[in-house]
Amino acid sequence: MSVARMKDLTVRVDTGRWSATVVDGARLDLAGGSVTALLGDSGSGKSMLARALAGTLPATAEASGTLEVPSVAYVPQSGADAFSSSHTVGEQLREIAEPRGTDLAAACDRALYPADRLDLYVEQHSGGEIDRAALAAGFLAAPELLIVDEPSSSVDDGLAEVLWSALGAYPREMVPGAAVLVITSDIGLMSHSGIVDSVVMLRDGRVIADDEAAAVLGSDDPYISRFLGAYLGR
Ligand SMILES: Nc1ncnc2c1ncn2[C@@H]1O[C@H](COP(=O)(O)OP(=O)(O)OP(=O)(O)O)[C@@H](O)[C@H]1O
């Protein structure tokens, strides 16, 4: 069953000095209980599409089209963007957990966030630690749609594998029936993790592939196989 849908989503940005269509007529259907990976070259519109779904587009961007999105949480690429600097990370995580009755210790554990850092402020964390705190915040919010932007960019391969398996557990064990959308350029790890059901690929703001992971990863489309080859070394 579908948890979130978008149809004909177009996002235009206009900074006053520069304007462009950065997502162009995108269609997406995210099934409950599944993990979808969103791939594409740098600048292809992945974050803008995700932020349109999450309702967190920057002021310079405007979206049109149809969105059917339930409760949603967006874990940004830079974890610090998920927190304010005026309260400790622990205070902010507790504020998310308490009204929902979600388990702080379990979420920190799943996200590999060391719970002894809870009393620290954002800027007292390392980049990798605050990224994992942001993932813990996403788990604690327990949304029906969890969007994670580059989950493994700041950790080494061993920890990255554990984080990917937590993403796989989210719609199957933590919030059964939820959907996960992961933006990643870590194609090798994504494919190795075995947790991704579907792959959507963007090129210049347009969806050029949307299928089961194995079908996209085995695609003989020249653009897609060149893109994947650059990451997988084939
Ligand atoms: N705050 C912003 N205001 C205006 N334009 C923006 C803003 N953020 C991104 N853009 C533009 O939108 C386009 C798509 O950017 P987006 O961040 O979605 O790409 P991406 O596929 O996520 O890239 P990356 O893999 O490098 O993160 C780019 O051309 C970028 O310049």
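Visitor: In what sense do β1 and strand β4 pair, and over how many bridges?

Guide: This is a predicted model, in which local features need pLDDT of at least 70, side-chain atom pairs count only at pLDDT 80 or more, and totals for chains, interfaces and linings use all residues. Residues are numbered from 1 along each chain as its sequence is written. Strand β4 (residues 61–68) and β1 pair in the antiparallel sense over 7 bridges. Two strands pair if DSSP finds at least two bridges between them, so the 7 bridges qualify. Within β4, L67 is opposite M6.

Visitor: What makes β1 and β2 a pair?

Guide: Strand β1 (residues 2–14) and β2 share 9 bridges in the antiparallel sense. L9 has A26 of β2 as its bridge partner. The two strands form a hairpin with 4 residues between them, and G16 in the turn has a positive phi of about 95°. Strands here are DSSP runs (E, at least two residues), numbered from the N terminus.

Visitor: Why is S19 called exposed?

Guide: S19 has 11 C-beta neighbours inside 10 Å. A residue is exposed if 12 or fewer other C-beta atoms, placed from the backbone, lie within 10 Å of its own, buried if 20 or more do, and partly exposed in between. Therefore S19 counts as exposed. S19 lies in strand β2 (residues 19–31).

Visitor: Which residues does S19 touch, not counting residues up to four places away in sequence?

Guide: S19 touches R12, V13 and D14; contact requires C-beta atoms, placed from the backbone, within 7 Å.

Conventions: Two residues are in contact if their C-beta atoms, placed from the backbone, lie within 7 Å.
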